[in-house]
Amino acid sequence: MAPEGRYLMVTDEVSADTAFAEIRGIAANLERDIASGPIVPTVTPEEIRRHLTSRYDFREPMAMDDAIADIERMLRTWQVQVTHPRYFGLFNPSVTHASIIADTLVAMYNPQLATWRTSPAANEIERHTLGWLAGKFGLPAESLASFTSGGAEANLSAVTVALTRTFSDYAESGLCRMAASPTIYLTKEAHHSFEKIAHLTGLGRAALRRVATGEDLKMSLEDLAKRVAEDRRNGFAPFMVIATAGTTGAGVIDPLPEVARFCRSEDLWFHVDAAWGGAAIISPRLRMHLAGISDADSITCDAHKWFSVAMGAGMFFCRHPDAVRAAFRAETSYMPGKMAGAVLDPYTTSVQWSRRFIGLKLFLALTHQGESGYIEMIEHQARMGDVLRRSLKRAGWRVVNTTPLPVVCFSRDGLATTKFLAALYERQIAWMSEVRLGDNTPVLRACITSFRTSERDIAWVVREMGRIAVREETSTQ
Ligand SMILES: Cc1ncc(COP(=O)(O)O)c(C=O)c1O
């Protein structure tokens with residue numbers, strides 16, 4: 001019999017610590033295998049579809065061992081291995097062991113977090129974890145926060161709350177009754193989710209005003225002021241500025257203190273999309289680069305990016321609790337009545353109704369590693385970013401972006417990026433991508449997104465990349 005209340009593989013002979021050690025052992029073996037195997041698959045949709053059709057018609061049950069073995073084989077051979085130490089990709093992290101355990105526990109208990117009454121423990125664990133991070137961002141104690149499916153949902157929440165607070169008619173009558181069309185200001189480096197959000201909210205994609213950037217790809221305050229003034233003169237209703245703290249393409253941080261001051265003086269909602277870069281707030285070495293974020297009206301930050309927990313785990317923070325309640329209010333007879341006292345039903349302060357216990361993976365990982373362990377993990381990746389930048393420059397590459405965060409965009413004269421990446425993937429050297437910044441010229445983009453990436457990995461990758469580049473130069477002569 002398991003000791004009372006402990007069921008995670010716990011028997012008379014096995015303690016939860018042993019079970020944890022076992023799962024960590026399995027995860028560590030997998031990590032070792034992944035690290036020594038290919039990163040990029042070569043597979044066609046037809047090959048996968050043929051395999052699925054031939055094995056899975058669901059008519060007869062299949063032995064679990066057989067099914068799991070086959071699924072693992074598919075996942076091992078037919079995906080980009082984002083937890084590989086040489087995956088220098090799009091913010092998809094290696095995952096902490098604690099976050100794997102947390103997701104297992106969540107699936108076993110399947111708590112529904114829509115109302116406090118149904119899942120008091122889970123709700124309070126999330127509240128506690130979000131409160132810790134809100135404090136790090138410097139938000140006031142009364143701020144509201146919720147876990148989301150990811151950064152896109154958090155950004156959608158921000159725009160919805162900002163619209164609701166700014167325009168008294170928006171909630172009931174929508175945009176069609178408004179005398180002036182609302183407009184949002186952001187750079188072209190901002191995340192593409194805002195295009196969909198403008199579409200979904202009814203603002204329309206044309207409501208997004210692309211503010212110019214300087215050479216450093218940061219938002220130009222001068223152009224921001226000019227665009228807002230112009231729009232006001234032309235009868236539009238500017239209501240929101242979106243600054244990015246760690247752009248997806250180049251890891252650039254917009255000038256947060258200046259944007260904050262401008263928003264205050266112009267009475268505009270100041271949202272900071274810190275989906276990836278927000279984790280830097282806990283690092284004593286990096287947090288100065290996020291100065292100004294404490295003045296945000298709302299913040300997006302993803303735990304499933306630099307906090308290295310399994311997907312999906314986004315977070316939305318807002319300093320205006322009344323506006324959040326107004327934006328997400330909902331009542332029907334089948335929903336449980338309000339609890340008395342200082343508790344909150346998440347379905348009344350966020351987009352979702354049925355809610356997974358997303359926050360446990362961050363809570364357990366933080367508990368297991370402690371803040372100091374987390375700081376070390378984040379600062380290690382920032383250090384590896386510096387190592388990569390220096391190594392590339394030494395090897396004759398030109399680094400084209402400026403950021404203290406570990407995203408490095410680079411090129412060299414005459415480089416055919418698409419061809420170069422194809423060779424990189426074919427030789428299984430690393431996964432990185434192509435991005436077009438500022439002048440629209442394609443360059444290579446590498447992000448240190450695994451806490452397991454070491455100086456040795458970087459040295460090897462840079463050396464091997466040099467070999468490809470040299471071969472391409474000689475073969476095109
Ligand atoms: C700056 C930024 N914001 C928002 C998002 C969207 O986050 P998610 O993929 O979690 O929805 C991303 C994703 O990469 C991002 O880089």
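Let me start in helix H12, which covers residues 360-394 and holds Ile 378. Keep in mind that this is a predicted model. Is Ile 378 buried or exposed? The relative accessibility of Ile 378 is 0%, so Ile 378 counts as buried. To give a sense of distance, take Ile 378 and Arg 50: their C-alpha atoms are 42 Å apart in space, and the two residues are 328 apart in sequence.

Leu 415 belongs to the loop that runs between strand E9 (407-411) and helix H13 (417-426). With a relative accessible area of 18%, Leu 415 is under the 20% cut-off and therefore buried.

What does the side chain of Glu 464 contact? There is a polar contact of 2.9 Å between the side chains of Glu 464 and Arg 467.

Now the aromatic rings. The count of aromatic pairs in this model is 10. One of them is Phe 137 with Phe 317: the ring centres are 5.5 Å apart and the planes stand at 75 degrees, so this pair is edge-to-face.

Another pair is Tyr 425 with Trp 431. Here the centres are 6.0 Å apart but the planes are at 5 degrees, so the pair is stacked. Trp 431 has a relative accessible area of 14%, which means that Trp 431 is buried. Ring pairs also bring in Tyr 87, giving a cluster of Tyr 87, Tyr 425 and Trp 431.

The charged end of Arg 73 sits over the ring of Trp 78, at 5.6 Å from the ring centre. Likewise, the charged end of Arg 209 sits over the ring of Phe 236, 4.6 Å from the centre of that ring.

Last, the ligand. Which residues come nearest to the ligand? There are 13 residues around the ligand, and Gly 151, Thr 248, Asp 273, Asp 302 and His 304 are the nearest of these. By class, the shell consists of three nonpolar, seven polar and three charged residues. Helix H6 (residues 151-166) supplies the largest share of the shell, with three residues.

A polar side-chain atom of Asp 273 is 2.7 Å from a nitrogen atom of the ligand. At Ala 152 the backbone takes part, with an N or O atom 2.8 Å from a ligand oxygen atom. Lys 305 has a polar side-chain atom 3.1 Å from an oxygen atom of the ligand. How much of the ligand does the protein bury? The ligand taken alone exposes 380 Å², and the protein buries 84% of that area.

Methods
Residues numbered from 1 in each chain as written. Predicted model: local features only at pLDDT ≥ 70, side-chain atom pairs only at ≥ 80, totals over all residues. Heavy atoms only, no water. Phe/Tyr/Trp six-rings, centres within 6.5 Å; stacked < 30°, edge-to-face > 60°. Buried < 20%, exposed > 50% of the residue type's maximum accessible area, 1.4 Å probe, protein only. Lys NZ or Arg CZ within 6 Å of the ring centre and 35° of its normal. Near = heavy atom within 4 Å. Polar contact = N/O pair within 3.5 Å; in protein donor to acceptor, adjacent residues only side chain to side chain. Areas by Shrake-Rupley, 256 points an atom, 1.4 Å probe, with all protein chains shown as cover. Helix = DSSP H or I, 4+ residues; strand = E, 2+ residues; numbered from the N terminus. Nonpolar A, V, L, I, M, F, W, Y, C, P; charged D, E, K, R; others polar.
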